[in-house]
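Subject: Structure handover

Hello,

Here is the structure we talked about, with the sequence alongside. My notes follow below it.

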Amino acid sequence: MHSALGDADVDIVKAAVEASRLHTTTLIEEDTDLLVLLLYYAQGDTMALYFKSDRTKPDGSFKVYDTNRLKDILGHDLCSQLLFIHAITGCDTTSRIFGVGKKTAFQKLVKGDPVLQSCTNAFTIPNQTTQIIEDLGCQVMYFLFGGKHADSLETMRYRV
């Protein structure tokens, strides 16, 4: 039995990854936060590790993701960048950005936009200063809203 002092999602995912080192493991949940965390924490040296949606479709089926295969397809860098994209577009601990969805941000990241990639990569560097994080956050907001550096947040939100 595990007791979570902080974010239980991370503890749940780490326990699933650890279990997958010994045997095939399936994490059953609807929360996409856990799928993103699985893609980040999953190692290539584990047994099969699946994420199964606990929500059924009208036809009675449900989604199952092979996280090891998905991680191979997406690549290590993109799986690391997903943490930032997921957090900035809204997850359990953050609110969604007005008018910007996960799909749009993910598609821009996959297309390889250099501004978005450099910002997301910089967020994963430990011990960044508050000023750097703030500047990077502003750059991402300008990018996601299609604004220019001189635009205010209110102007960009109005255009959206």
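In what order do the three strands form the open sheet, and what is the pairing? This is a predicted model, and in it the order is β1-β2-β3, with mixed pairing. β1 (25–28) and β3 (64–66) are the edge strands, each pairing on one side only. On average, neighbouring strands of this sheet are turned by 20 degrees against each other, direction ignored.

Strand β2 (residues 49–52) and β3 run antiparallel and are joined by three bridges. Within these strands, F51 stands opposite Y65 in β3. As background, the strands of a sheet pair through backbone hydrogen bonds, either parallel or antiparallel.

Two helices lie across strands of the sheet. Helix α1 (residues 8–20) lies across β1 and β2 and runs at about 160 degrees to β1. Helix α3 (residues 67–74) lies across β2 and β3, at about 60 degrees to β3.

I looked at α1 in more detail. With 13 residues at 1.5 Å a residue, α1 should span 18 Å, and its end C-alpha atoms are 18 Å apart, so the two agree.

Which residues of α1 are buried? They are D9, V13, A16, V17 and S20. These residues cover an arc of only 100 degrees around the axis, so they sit on the same side of α1. The general rule is that an α-helix has 3.6 residues a turn, so residues three or four places apart point the same way. The cover over the buried residues of α1 includes β1, α2 (32–41) and β2.

Regards

Key:
Residues numbered from 1 in each chain as written. Predicted model: local features only at pLDDT ≥ 70, side-chain atom pairs only at ≥ 80, totals over all residues. Heavy atoms only, no water. Pairing = 2+ DSSP bridges. Helix = DSSP H or I, 4+ residues; strand = E, 2+ residues; numbered from the N terminus. Axes fitted to C-alpha atoms, helices over the stretch in contact; angles between N-to-C directions. Contact = heavy atoms within 4.5 Å. Expected span 1.5 Å × (residues − 1). Buried < 20%, exposed > 50% of the residue type's maximum accessible area, 1.4 Å probe, protein only. Arc of directions from axis to C-beta.
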